[in-house]
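Subject: Structure handover

Hello,

I am passing this structure on to you. Please look it over first, then read my notes below.

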Amino acid sequence: MNLQEIAKALRKRTVSSVELASDSLRRIAALNPKLKAFITVTAELAQRQALEADQELSDGKDRGPLHGIPIAVKDVFCTQGIRTTCGSKLFGEHIPERDAAVVERLQAAGAVMVGKTNMHELAYGVTSANPHFGTVRNPWDLDRIAGGSSGGSGSAVAAGMVPIAMGSDTGGSIRIPASFCGTVGLKPSFGRVSRHGVLPLDFSLDHMGPLTQCVRDAALTLSAIAGFDPRDETCSRRPVELYLPSEPVSIQGLRIGLPENFYFERISPSVAEAVRRAARLAEEAGAVVVALRVPDIAQLNTIGRVILLSEASATMERYLRRREDFGADVLALFDQGRLLPATDYINAQRVRRVLQQEFQAIWRKVDCLFTPTTPTSAPKIGQSTIDLDGEEDVRIASTRLARGINVLGLPALSLPCGFDETGLPIGLQIIGPSFQEALVLKVGAALEDALSLSLQPSVL
Amino acid sequence: MSRDWNLIANGIVPEIPAPELEKVVNVLQALETQFAPLRQSLPHDTEPAVIFPSFPSPEEPA
């Protein structure tokens, strides 16, 4: 059932929030030992919030579509009185005094929090092979990674533990687990969702957004969490739109760009075919598919790495003498960032401005772009390279099609668009102009309807 | 002129153990190869995108 169906059932009293929370907690208890999707399960809190949600509905107080719905949040979001580890030994006993803005908004919308999801250590990586809290496993194949850094959120949603889990995305960390786990993942525009109360990795690249079972659920979740927050100076005052597409969804006449360069190079044939098939379906639904060249994404990725290495190391510098408290892969990234000169960081931000301006020209030609989210389906746990016309580090390959969009701050949605030859899900990335989340979600919903995929992971 | 990352590391972060330093240096050398042409081709008057996004919409209220 999607959120709208669950919301109807709650209001008809054919199901209660307490029953939904209990189902969710039972499923977590059954599957989490295998999947390692959760770091902390908040069973008592969930039961209390669910009781309150049921009582409020009985009393005629309706907080909207998330009222009484079980959710999870990545363990990077501060939660008052509940341990928030950021997947790190450093914060293993960190108990925040306040909730993150996103958590406040979810609670105001009546959501019921069942727990905090596992992640790549400090949100700095794509495997979610966490040395402190266990390796998150992919419900489609337990020997494969769930992606990262929001791997626990992807795994939890794919396995049906919760319909919604919040993630953060600095270089693809919502979209990559969505692609590998066969869920929807939405990275909103920079400034659309408050970052207040989220343990930061990178001040100018971090974005907050949901992973969900379908596009319309992502739209409803964004409606609950988006909007101005004076505590985050980068948060936009732009009014929040209606993100749930009106029915029937029409993409008649929309111009969809299909890049001729970069995005279809060095990717697996099954991924290329699935994304091109999605473009054909969009065309059948009335959209106009436009082949076009995009600005140099390799350049975007390069400056994205310089900016991330520099800002992340600056953020964490005070902790870096405690080398034994970090996983080896994360520590190596912090070491790299400490060695980069300040001039490189400034020059990367200067190149960023040039590329942002170049990319703006695309939106005169098309309304959105279709690309693959990741070059392959989920790699195996422990796999260090991917061979696509030459060996490439699995971390670089997995972020290659996603990272640049964080540098631009644009909204991007990943949704399942097919399966590879081994039955693993493939992600389609829809990228739109700044603050055009409603358009991106509308196109995503139309594609989801047209594709009509059955997404049942093997672990189920 | 390429940078001597070992020298930089010894000056800034001497605590990096030698085997780890070798990997760090290899990554930075590869990144430097990609980044150097970009920074060298920047127009002189280009300012950094320090205020993000760098293309505020005219309808954005103050």
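This is a predicted model: local features need pLDDT of at least 70, side-chain atom pairs count only at pLDDT 80 or more; totals for chains, interfaces and linings use all residues.

Chain A holds an open sheet of 11 strands with mixed pairing. Read across, the order is S1-S3-S2-S8-S10-S9-S16-S17-S13-S11-S12. Strand S1 (38-41) and strand S12 (288-292) are the edge strands, and each pairs on one side only. On average, neighbouring strands are turned by 30 degrees against each other, direction ignored.

One pair up close: S2 (residues 70-74) and S3 (residues 112-117) of chain A run parallel and are joined by five bridges. Within this pair, Lys74(A) has Thr117(A) of S3(A) as its bridge partner.

Helices across the strands
Helix H3 (residues 43-58) of chain A lies across S1, S2 and S3. Its angle to S3(A) is about 155 degrees. Helix H14 (residues 437-451) of chain A lies across S13 (368-372), S16 (412-419) and S17 (425-431). H14 runs at about 10 degrees to S16(A).

The contact between chains
How many residues does each chain bring to the contact? Chain A gives 30 residues and chain B gives 28 residues. On the chain A side, helix H9 (297-316), helix H10 (328-339) and helix H11 (342-360) are the elements that give two or more residues. H11(A) supplies the largest share, 12 residues. By type, the chain A side divides into eight nonpolar, 13 polar and nine charged residues.

Best wishes

Notes
Residues are numbered from 1 along each chain as its sequence is written. Chains are lettered from A and ligands numbered from 1 in the order in which they are written. Two residues are in contact if their C-beta atoms, placed from the backbone, lie within 7 Å. Helices (H or I, at least four residues) and strands (E, at least two) are DSSP runs, numbered from the N terminus. Ala, Val, Leu, Ile, Met, Phe, Trp, Tyr, Cys and Pro count as nonpolar, Asp, Glu, Lys and Arg as charged, and the others, Gly among them, as polar. Two strands pair if DSSP finds at least two bridges between them. Axes are lines fitted to C-alpha atoms, for helices over the stretch in contact, and angles run from 0 to 180 degrees between N-to-C directions.
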